[in-house]
Amino acid sequence: HCDVIFVDEAEETWPLFLRDFEAGRWKTEYRPDEKPDMTRSPMPRFDLIKIDRYHAMTIQFARGCPFNCEFCDIIVMYGRKPRTKSVACAMAEVERLHELGVTNVFLVDDNFIGNRARAKEFLRELAAWQAAHRYPLQFMTEVSLNLARDDELLDLLRAAHFQMLFIGIESPRKSSLAEAGKTHNTRDDMLQAVHKIQAYGLEVDAGMIVGFDSDDPDVFEEQFRFI
């Protein structure tokens with residue numbers, strides 16, 4: 001049982017609820033008319049967190065992913081058109097975490113490179129800031145494997161001091177990838193793509209899945225050999 005349910009993102013509906021609650025007449029459900037404008041997202045109250053109890057702090061630059069993987073909930077929640085904060089807003093969050101003594105930052109975007117142009121714009125600013133401050137922060141994030149096709153983006157991730165990338169590889173079987181709608185993983189040799197990313201000093205943390213309808217018992221050994 002819930003007294004009040006928030007459907008979808010809550011940046012715009014939470015203030016409405018607070019006003020309604022203060023007036024003593026709130027709704028049982030709050031649902032935004034459309035996806036919120038992330039350029040208006042407030043800075044998180046990082047000062048309320050006991051920073052020293054966490055291995056890493058989290059920030060978010062973008063929501064949404066242009067791909068349509070069958071098993072994924074991201075496009076259901078955030079849509080297929082990536083939305084981003086302004087670069088100035090994201091950099092202000094980086095500055096604030098640095099002031100609080102944070103050294104590890106997880107950029108929690110489900111696909112940070114969903115909007116490559118905006119990702120590059122942010123990375124250029126972040127790389128310049130890191131160099132000016134002698135690289136006090138280590139970053140990790142989530143990207144798609146087609147990153148390997150973009151040398152400029154790989155250079156920028158390295159320059160901005162990213163250490164680890166979570167990449168949904170899922171399966172070495174093309175039939176399983178096709179079944180899942182993850183055709184962008186079938187366009188290049190996946191091992192070569194992983195090795196290229198690693199060559200830029202970026203650790204690949206791979207997401208792997210077994211149990212697709214086209215899988216059979218041999219898939220376990222195939223996964224093992226691939227990994």
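View 1. Arg158 is partly exposed, with a relative accessible area of 41%. (For accessibility, buried means under 20% relative accessible area, exposed means over 50%, and partly exposed is in between, using a 1.4 Å probe and protein chains only.) This is a predicted model, where local features need pLDDT of at least 70 and side-chain atom pairs count only at pLDDT 80 or more, while totals for chains, interfaces and linings use all residues. Residues are numbered from 1 along each chain as its sequence is written, and side-chain values use heavy atoms, with hydrogens and water left out. Now look at the side chain of Arg158: together with that of Asp155, it makes a salt bridge at 2.8 Å, N to O. (A salt bridge is a side-chain nitrogen of Lys or Arg within 4 Å of a carboxyl oxygen of Asp or Glu.) Asp155 is partly exposed too, at 36% relative accessibility. The two residues sit 3 apart in helix α5, so about one helical turn separates them. (Helices are DSSP runs of H or I with at least four residues, strands are runs of E with at least two, and both are numbered from the N terminus.)

View 2. Is Arg124 buried, exposed or partly exposed? At 40% relative accessibility, Arg124 counts as partly exposed, and Glu152 gets that label with 39%.

View 3. Lys120 sits in helix α4 and counts as buried, at 13% relative accessibility. Which residues does Lys120 touch, leaving aside its neighbours within four places in sequence? They are Asp150, Glu152, Leu153 and Leu156. (Contact means heavy atoms within 4.5 Å.)

**View 4. Glu9 meets Arg63.** A search of the whole structure turns up 20 salt bridges, and this one joins the side chains of Glu9 and Arg63 at 2.4 Å, N to O. Glu9 is in the loop between β1 (5–6) and α1 (13–23), while Arg63 is in strand β4 (residues 62–63), so the pair ties together parts 54 residues apart in sequence. Both ends are tucked away: Glu9 is buried at 5% relative accessibility, and Arg63 is buried at 9%.

**View 5. Inside the largest nonpolar core.** This core has 46 residues, and the ones touching the most other members are Phe112, Phe122, Leu147, Phe162, Leu165 and Ile197. (A nonpolar core is a set of buried Ala, Val, Leu, Ile, Met, Phe, Trp, Tyr and Cys residues joined through side-chain atoms within 4.5 Å.) Among the elements giving two or more residues are β3 (57–59), α3 (87–99), β7 (138–143) and β8 (162–170). Helix α4 gives the most, with 6 residues. Beyond its neighbours within four places in sequence, Leu165 has contacts including Thr141, Val143, Leu147, Leu157 and Ile197. Another core lies apart from this one, with 6 residues, among them Cys65, Cys69, Ile74 and Ile75. In soluble globular proteins, nonpolar side chains tend to be buried together.
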